[in-house]
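Here is a short briefing to read alongside the structure.

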Amino acid sequence: MTSPDELLALARDIALEAGELARRRREEGVTVAATKSALADIVTEADREVEALIRARLDAARPGDAFLGEESGADGREADITWVVDPIDGTVNYAYGLPEWAVSIAAVAGSADPAEWEALAGVVYCPATGDVFAASREGGAWLGERRIRTNAEVGPAGGLIATGFGYDPATHAAALDQLARVMPIARDIRRAGAASLDLAAVAAGRHDAYYERGLNPWDHAAGALLVAEAGGIVSGAPGDRPGKAMTIAASPGIYDRLVEVLDF
Ligand code: IPD
């Protein structure tokens, strides 16, 4: 059985190579290839090319593992380890030339379903800043060479709380109502546009909390492990695992208050 740290080393190498390819393609100019679940939900040629690269590297290194990627889906293999990949998380930022986009790669055990899997290793790499966030099960969370932890305390001004709105217009009115309930416990709100980086920011203490409904497995697989290994709390609705219905990631100092105002 491969250790989480060995899986992490592979994920890190591949994420760096993939991020470099995405960065080069961004410099050359981005083409939107298609829309997906909604008009605002786009895929670029680079998303597809970067995912193909990641998949080929994983296949070469670990041919028996399964794969679940944002652009090419699940390969349908039964395997002990599944790689869950978002080649470019924050595609809209990427297309607009904003820096908040990342390569997200996780290795999970047990099942390719976030309700059941056990995340073993995860990397979120933001090429624009050079930040490499990495975590392995029971190995802690790291930003480069530095161990990271969620914030110990949230001051009287409230938490710096990030969120996102997803692509489905039918969910936006409820999301705005929810945001109105969150405002009183927030010193301010952030909407950066890349769920993996929002989660990494909670792990690194750059945000106190993050929540969003509608995430897909590849959006949170690596980032949720980062938060858990950094001492934060990650859940769906209370008692649930993170997933499509809700993902909440917070430092312990604000998790309960956030759950209370989100009002499940
Ligand atoms: C999206 C981003 C965004 C979040 C969406 C995700 P993509 O991922 O993470 O912040 O609000 O729900 O789908 O489409 O850029 O890979």
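**Helix pair, domains and pockets**

The axes of α5 and α6 approach each other within 8 Å, crossing at roughly 0°. Please keep in mind that this is a predicted model.

**The α5 and α6 pair**

- Angles under 35 degrees count as roughly parallel, and α5 and α6 are therefore roughly parallel to each other.
- On the α5 side, the residues that meet α6 are A195, S196, L199, A200, V202 and A203.
- Their partners in α6 are D219, H220, G223, A224, L226 and V227.
- Sorted by class, the residues of this contact of α5 with α6 comprise eight nonpolar, three polar and one charged.

- Where the domains touch, domain 1 brings 43 residues to the contact and domain 2 brings 23 residues.

**The largest pocket**

- How much space lies in the largest pocket? The volume is about 740 Å³.
- Its lining has 38 residues, and those nearest the centre of the largest pocket are F165, G166, Y167, R191 and E212.
- Elements that each give two or more residues to this lining are β5 (81-89), α3 (91-96), α4 (172-182), α5 (195-203), β13 (209-212) and α6 (217-229).
- Domain 1 and domain 2 each provide at least three residues of the lining of the largest pocket.

**The second largest pocket**

- About 270 Å³ is the volume of the second largest pocket.
- A total of 14 residues line the second largest pocket, with A119, R137, A224, A228 and R241 closest to its centre.
- A224 also takes part in the contact of α5 with α6.
- At least two residues of the lining of the second largest pocket come from β7 (118-126), and at least two from α6.
- Which element gives the most to this lining? The answer is α6, with six residues.
- By class, the lining of the second largest pocket has nine nonpolar residues, one polar and four charged.
- Why does the second largest pocket lie between the domains? The reason is that domain 1 and domain 2 both give residues to its lining.

Key
Residues numbered from 1 in each chain as written. Predicted model: local features only at pLDDT ≥ 70, side-chain atom pairs only at ≥ 80, totals over all residues. Heavy atoms only, no water. 1 Å grid on protein atoms, 1.4 Å probe; cavity = no way out; pocket = protein on both sides within 12 Å on 5 of 7 lines; lining within 4 Å. Points joined across faces, edges and corners; volume = space filled by probe spheres on them. Helix = DSSP H or I, 4+ residues; strand = E, 2+ residues; numbered from the N terminus. Domains from an automatic or database assignment. Nonpolar A, V, L, I, M, F, W, Y, C, P; charged D, E, K, R; others polar. Axes fitted to C-alpha atoms, helices over the stretch in contact; angles between N-to-C directions. Parallel < 35°, antiparallel > 145°, perpendicular 65-115°, else oblique. Contact = heavy atoms within 4.5 Å.
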